[in-house]
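Q: I'm new to this one. Could you pick a single part and walk me through it closely?

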Amino acid sequence: MVKHAVEANFDGLVGPTHNYAGLSWGNVASKSNVHAVSNPKEAALQGLAKMKRLADRGYVQGILPPHERPHIPTLRSLGFGGTDAQVLEKAAKSSPSILAAVSSASSMWTANAATVSPSADTGDHRVHFTPANLSAKFHRSIEHAVTGRSLKAIFADESYFAHHPALPSVSHFGDEGAANHTRLCGRYGDPGVELFAYGQAAFNEQAPAPKKYPARQTLEASEAIARLHGLKTENAVFAQQNPAAIDAGVFHNDVIAVGNGNTLFYHEMAFLDEEQVLSDIRSRLTATELEPVRVSSAEVPLEDAVASYLFNSQLLNTPDGMMLAVPGECREVASVSRYLDELLKDGGPITSVEVFDVKQSMRNGGGPACLRLRVVLSDDELQAMHRGVLLTDELYQRLTAWVEAHYRNELSQKDLGDPMLLEEVRKALDELSGILGLGSIYDFQL
């Protein structure tokens with residue numbers, strides 16, 4: 001029996017060490033803003049404002065907490081010893097690049113936090129979570145342990161939720177989470193088709209692969225997650241990303257495609273074999289008919305799609321169709337702005353466009369879709385989860401006051417070795433875990 005379900009969005013709360021270290025090779029925005037001075041307070045408030053705006057529209061909006069940064073346990077594992085202050089001093093003096101990596105606030109992009117399969121798709125009819133190993137980038141590869149703790153604290157009832165450890169942290173099983181995964185369905189409670197996009201087949205050296213930038217997701221990782229989640233053949237499609245798109249800066253598939261319900265909004269350069277991907281989805285999407293919204297290079301050149309993050313937008317149901325929540329940059333790129341105006345005239349499934357200011361995140365290469373992890377939940381599952389992380393007017397006010405009290409207005413690379421920053425972060429996160437009711441999830445609390 002099909003159960004009523006909703007799609008909840010869990011946004012990452014931007015952490016106090018939000019900075020521009022240019023750590024992500026293959027992410028054009030990240031590299032182009034390297035060493036700029038960031039504003040952590042503004043970034044966190046922008047993220048909260050986005051969450052509040054969607055919550056006010058009636059969407060179920062949750063929060064995933066930031067991680068402890070700088071991450072002292074990682075520095076200790078790399079041979080930096082002494083007190084915490086001495087560890088920071090030594091790292092800042094001898095290995096500032098490593099210090100920058102363990103200070104990244106990249107956990108804010110929760111599209112990379114995990115892959116989630118709803119209970120309507122899985123063999124045991126539980127919601128399954130697998131934290132992404134993010135093995136392609138050192139600064140992100142240290143996230144999955146705390147991500148797993150957070151998800152287990154929020155979705156603790158084992159009768160409804162199943163948690164898997166991250167895949168082995170090696171290139172053959174590189175996994176970037178929901179940034180390379182989307183789900184197509186009729187109603188959210190219907191069995192759906194989970195679309196896994198991958199950059200290369202790790203065990204096939206003859207298979208197509210990008211030449212300039214690394215493919216972060218492998219076919220083998222996507223297949224492993226489908227097995228772990230108990231997906232049947234009719235519930236999964238594996239689609240290779242176009243290597244030329246990866247080499248143009250499409251480091252994740254959510255930079256060039258986004259799906260919701262029965263609609264797939266994508267650029268013609270998204271997939272290596274576009275027609276086969278659409279055919280595979282159609283053959284499995286039995287409860288409804290696929291509505292592809294294809295954007296050609298003539299309408300929006302690939303470089304403009306990457307610059308604007310047109311496809312790194314949220315596609316959300318409304319009573320009158322679907323709303324596309326785009327970053328402000330989409331109105332600053334002429335071809336994209338023109339396309340959006342024409343899109344609303346064509347009578348398709350996307351009936352409205354709303355602009356969101358997430359500029360602090362965009363400068364590091366993350367748009368609205370990067371900031372959220374989608375979790376489809378039945379009514380019973382929604383009641384069973386820890387509801388202290390769901391955004392309400394009261395929680396929004398508390399978190400806004402918390403950010404105002406604990407975050408700096410400016411942060412540069414030289415600030416990362418400041419022991420006072422570490423103290424500020426730990427004090428803030430200790431208070432936050434209490435506000436959200438998550439218990440002890442951080443290393444310094446254990």
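A: Let's start where two helices touch: K41, A44, L45, L48, A49, K52 and D56 in α2 meet D393, Y396, L399, T400, V403 and E404 in α15 (contact means heavy atoms within 4.5 Å; helices are DSSP runs of H or I with at least four residues, strands are E runs of at least two, and both are numbered from the N terminus). Those contact residues split into 7 nonpolar, 1 polar and 5 charged (Ala, Val, Leu, Ile, Met, Phe, Trp, Tyr, Cys and Pro count as nonpolar, Asp, Glu, Lys and Arg as charged, and the others, Gly among them, as polar).

A word on the source: this is a predicted model, where local features need pLDDT of at least 70, side-chain atom pairs count only at pLDDT 80 or more, and totals for chains, interfaces and linings use all residues. Residues are numbered from 1 along each chain as its sequence is written, and side-chain values use heavy atoms, leaving out hydrogens and water.

Now the geometry: the axes of α2 (residues 40-56) and α15 (residues 393-406) come within 10 Å and cross at roughly 175° (axes are lines fitted to C-alpha atoms, for helices over the stretch in contact, with angles from 0 to 180 degrees between N-to-C directions). That makes α2 roughly antiparallel to α15, a label for angles over 145 degrees.

Helix α2 also lies across β12, β13 and β14, at about 145° to β14. These 3 strands form an open, mixed sheet in the order β12-β13-β14 (strands pair if DSSP finds at least two bridges between them). Its edge strands are β12 (314-318) and β14 (350-356). Strand β13 (residues 321-327) pairs with β14 in the parallel sense over 6 bridges, and A325 has E354 in β14 as its bridge partner.

Terms used. Angles under 35 degrees count as roughly parallel, over 145 as roughly antiparallel, 65 to 115 as roughly perpendicular and the rest as oblique.
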